Amino acid sequence: QVQLVESGGGLVQPGGSLRLSCAASGSIFSINAMGWYRQAPGKQRELVAASTSSGSTNYADSVKGRFTISRINVVKNAVYLQMNSLKPEDTAVYYCAADQSRSLGPNPDYWGQGTQVTVSS
């Protein structure tokens, strides 16, 4: 089993920045893909950013150019999401996820507990 623990959420004004962190523990050798999802009230959970086992990354169109995913891959135990130029529509609960496969799909093997990000003036 893998445990994922997120941190770094909070309240920020529009245009501000936040950095989310996710630390993995347990059977981390089984992890390949890692990334971040978010779910806003009344909306479906969506993939925000992902990092594959080969080191490639992909982003939702809505966050391209503003968010950056990075990962400590040597021991596969941490992933980060730098969020800049935040907008009110980025408000959501952000979830760290990990999977044994090479890419993240709609139902990753492991989920964190979520961290709230609120963008408001």
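Analyst: What follows takes the disulfide and then the sheet. This is a predicted model, where local features need pLDDT of at least 70, side-chain atom pairs count only at pLDDT 80 or more, and totals for chains, interfaces and linings use all residues. Residues are numbered from 1 along each chain as its sequence is written, and side-chain values use heavy atoms, with hydrogens and water left out.

User: Why are cysteine 22 and cysteine 96 called a disulfide?

Analyst: The criterion is a pair of cysteine sulfur atoms within 2.5 Å. Here the sulfur atoms are 2.0 Å apart, so the pair qualifies. The structure holds one disulfide. The pair links distant parts of the chain: cysteine 22 lies in strand E3 (residues 18–26) and cysteine 96 in strand E9 (residues 92–99), 74 residues apart. The link is left-handed, with -80° about the S-S bond.

User: What makes cysteine 22 buried?

Analyst: Buried means under 20% relative accessible area (exposed is over 50%, partly exposed in between; 1.4 Å probe, protein chains only). Cysteine 22 has 1%, so the label holds. Cysteine 96, at 0%, is also buried.

User: How do you know that E7 and E8 pair?

Analyst: Pairing requires at least two bridges found by DSSP. Strands themselves are DSSP runs (E, at least two residues), numbered from the N terminus. E7 and E8 (residues 78–83) have six bridges, in the antiparallel sense, so they pair. In E8, tyrosine 80 is the bridge partner of serine 70.

User: Why are E1 and E7 at the edges of the sheet?

Analyst: The four-stranded open sheet runs E1-E3-E8-E7, with antiparallel pairing. E1 (2–7) and E7 (67–72) each have a single partner strand, so one side of each lacks a neighbour in the sheet.
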